[in-house]
Amino acid sequence: MRPGCKQRSVVWESFRKNSDGKVVTCQVCKKEFKYFGNTTNLKEHLKRMHPFKLNTVPVNEDDPSDQLQTINNASGPSTSSASFISPSQSVTSKQCSEPPSKRPRQLKLFGSTKNELTETEIKEIDKCVVKIIVSDYQPLSIVENVGFLEYTKKLQPLEVKDSHTGLNIATALTHIFNEWSIANKIVTIVSDNGSNIKNAINEHLLKYHHPCVAHTLNLSVNEAMNRNFDVHQILKKCRAIVGHYKHSSLATGKLRDLQSQMNLPLLKVKQDVSTRWNSSLTMIERLLTIKIPLTASMSSLPRAPDCLNASEWEVISDCVKILKPFENITSELSGENYPTISLVIPLIRGLQYMLKNLRTETTIGIEFKNKLIDVVGRRLGNLEKDKIVAKSTLLDPRLKKTAFGLQENADNAHKWICEELTNMIRAKNDNTEITESDTTQSTSSANICSVWKHFDDKVAQVKITSNPNATASIMIRQYLEIPPLDRKRNPLEFWKQYEVTFPELYKMQLNVGILVMILKK
């Protein structure tokens with residue numbers, strides 16, 4: 001190297017620039033990055049994903065940081081594969097559009113990654129990857145499987161390194177709230193039903209806890225499945241059939257040949273996962289779809305498991321009809337671009353109505369349906385009495401009082417909103433009176449001879465004697481008299497339009513409808 005020449009960074013042994021120099025590509029994994037003139041994040045990528053590339057070369061740690069953005073090569077999320085991105089690499093789409101220097105520093109529930117992995121650690125991680133493929137029979141996009149969770153723990157242990165007590169969880173969350181200055185903006189926290197999470201929220205953070213409805217639905221279905229012996233045994237039989245076809249190339253070939261002969265789509269069996277009830281629904285739906293070629297292929301296999309008999313096929317057909325509404329509700333409640341808390345009451349009421357009116361063909365199906373009706377009523381039937389959920393529903397211009405199953409619950413929501421609205425108006429009037437009092441005192445000498453003094457005194461008296469409760473009642477009545485918004489419209493559009501008309505209601509619906517922190521274990 002010539003004297004005075006800057007040493008070339010080691011990262012260029014593993015990265016290549018494109019023709020315009022604005023994008024670089026990792027030669028190991030072919031991942032692309034935008035390039036802003038420094039190599040810090042290129043080194044970070046090598047440290048995390050390809051540490052062996054840096055084992056023998058010194059690293060310069062003086063480059064500016066965080067000036068590289070990962071290019072998303074896919075148009076949307078994949079259902080068959082997933083990229084493993086560490087929390088320190090992950091950024092929101094809004095952050096990606098901002099200059100690097102303006103992005104907020106985010107404190108996460110994760111610790112920093114190690115710079116190097118030992119040979120032992122690499123072997124352990126490789127074993128976990130194999131476990132994902134072998135144990136779960138799922139694509140890498142499945143992030144809730146036991147194997148995946150174990151794999152991610154090896155890569156990135158939680159920040160919460162001590163035992164996951166309510167106090168320790170609350171302490172970690174408090175740091176995050178303070179980092180983002182959002183502690184006073186969180187109205188309620190949504191989480192699963194773990195006792196330690198609820199303890200952290202209720203006892204230590206002193207926030208209102210709202211159980212995740214999708215998670216509660218999952219618990220409800222699993223409880224009903226596990227307590228119905230016949231359904232449990234039939235699902236076990238289905239798993240044995242699917243497992244055989246997953247492991248036998250001969251069985252898979254027979255099934256494929258028969259589908260071709262029958263001019264049917266070439267579909268494979270689908271394996272379920274014990275922790276996700278909807279995967280069981282997917283499994284039995286697929287079995288019903290390929291029932292004819294599957295049954296024919298099993299009759300010609302030398303060591304095939306027992307096939308489902310006619311009554312068992314009827315049972316899983318009933319199970320699909322019963323479980324389909326649960327899948328639809330879970331999908332509705334998983335929306336990210338619209339508020340969902342106001343949808344809880346009408347969706348649960350709709351689910352209960354569908355189950356009660358659903359016709360099943362088997363005795364086992366009837367028992368399964370009735371068990372689900374019982375569990376859903378016990379776990380979710382009282383949500384109409386929840387203040388935040390009820391107020392959010394009433395303030396949804398698509399739903400209002402119509403969404404409630406009981407008029408008493410709708411009236412209670414009306415009363416709670418009226419009380420809160422009255423307090424908001426009273427506080428606003430008090431502030432206005434203080435301001436006007438200061439103004440009056442400063443101009444009192446000028447008003448003594450004013451011809452408007454008599455009128456101004458009468459207006460002031462009217463303001464003093466006005467009833468905030470009456471004002472609140474009128475405002476709510478005017479809101480309820482507006483025709484309901486179309487169910488497919490976004491309620492935020494309505495409130496943006498009526499922000500000036502109902503300023504206090506607008507503020508209230510923001511609190512009960514949007515400012516909710518969702519927490520997952």
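**Ground rules.** I first need a rule for strands: two of them pair if DSSP finds at least two bridges between them. Helices (H or I, at least four residues) and strands (E, at least two) are DSSP runs, numbered from the N terminus. I keep in mind that this is a predicted model, where local features need pLDDT of at least 70 and side-chain atom pairs count only at pLDDT 80 or more, while totals for chains, interfaces and linings use all residues. Residues are numbered from 1 along each chain as its sequence is written, and side-chain values use heavy atoms, with hydrogens and water left out.

Entry 1: I looked up Phe15 and found its bridge partner in strand 2, Cys26. Strand 1 (residues 15–17) and strand 2 are antiparallel, paired over three bridges. They make a hairpin with five residues between them. In that turn, Gly21 has a positive phi of about 75 degrees.

Then I followed strand 2 to its other partner, strand 3 (residues 32–34). Three bridges join these two, again in the antiparallel sense. Thr25 has Glu32 as its bridge partner in strand 3. This hairpin has five residues between the strands, and Lys30 takes a positive phi near 65 degrees in it.

Which faces of strand 2 are covered? Both: Val23 and Thr25 are buried on one side, and Val24 and Cys26 are buried on the other. My cut-offs: buried means under 20% relative accessible area, exposed over 50%, partly exposed in between (1.4 Å probe, protein chains only). The split into two sides makes sense to me because side chains in a regular strand alternate between the two faces of the sheet.

**Entry 2: helix 13.** I checked the length of helix 13 (residues 344–357). It has 14 residues and reaches 20 Å from first C-alpha to last, close to the 20 Å expected at 1.5 Å a residue. The expected span is 1.5 Å times one less than the number of residues. Its buried residues are Val344, Ile345, Leu347, Ile348, Leu351, Gln352 and Leu355. What covers them? The cover includes helix 7 (213–226), helix 12 (310–333), helix 14 (363–380) and helix 15 (387–394), going by contact, which means heavy atoms within 4.5 Å.

**Entry 3: Thr362.** I moved on to the loop between helix 13 and helix 14, where Thr362 lies. Is Thr362 buried or exposed? It is buried, because its relative accessible area is 9%. Leaving aside neighbours within four places in sequence, Thr362 touches Glu314, Val315 and Asp318. Its side chain also reaches the backbone nitrogen of Gly365 at 2.9 Å. That is a polar contact: a pair of N or O atoms within 3.5 Å, where within protein one must be able to donate a hydrogen and the other to accept it, and residues adjacent in sequence count only if both atoms are side-chain atoms.

**Entry 4: Asn168.** I found Asn168 in helix 5 (residues 166–180). Asn168 counts as partly exposed because its relative accessible area is 22%. A polar contact of 3.2 Å joins its side chain to that of Thr165. I also noted His204, 36 residues away in sequence but 9.6 Å away in space, C-alpha to C-alpha.

**Entry 5: cysteines.** How many disulfides are there? Zero, in a search of the whole structure. A disulfide is a pair of cysteine sulfur atoms within 2.5 Å. Cys307 is partly exposed at 25% relative accessibility.

Entry 6: Leu206 sits in the loop between helix 6 (195–204) and strand 5 (208–211), and is exposed at 68%. Asn263 sits in the loop between helix 9 (249–261) and helix 10 (277–289), and is exposed at 72%.

**Entry 7: the whole protein.** I count 21 helices and six strands. Of the 521 residues, 37% are buried. Among contacts between residues at least 6 apart in sequence, 67% join residues at least 24 apart.
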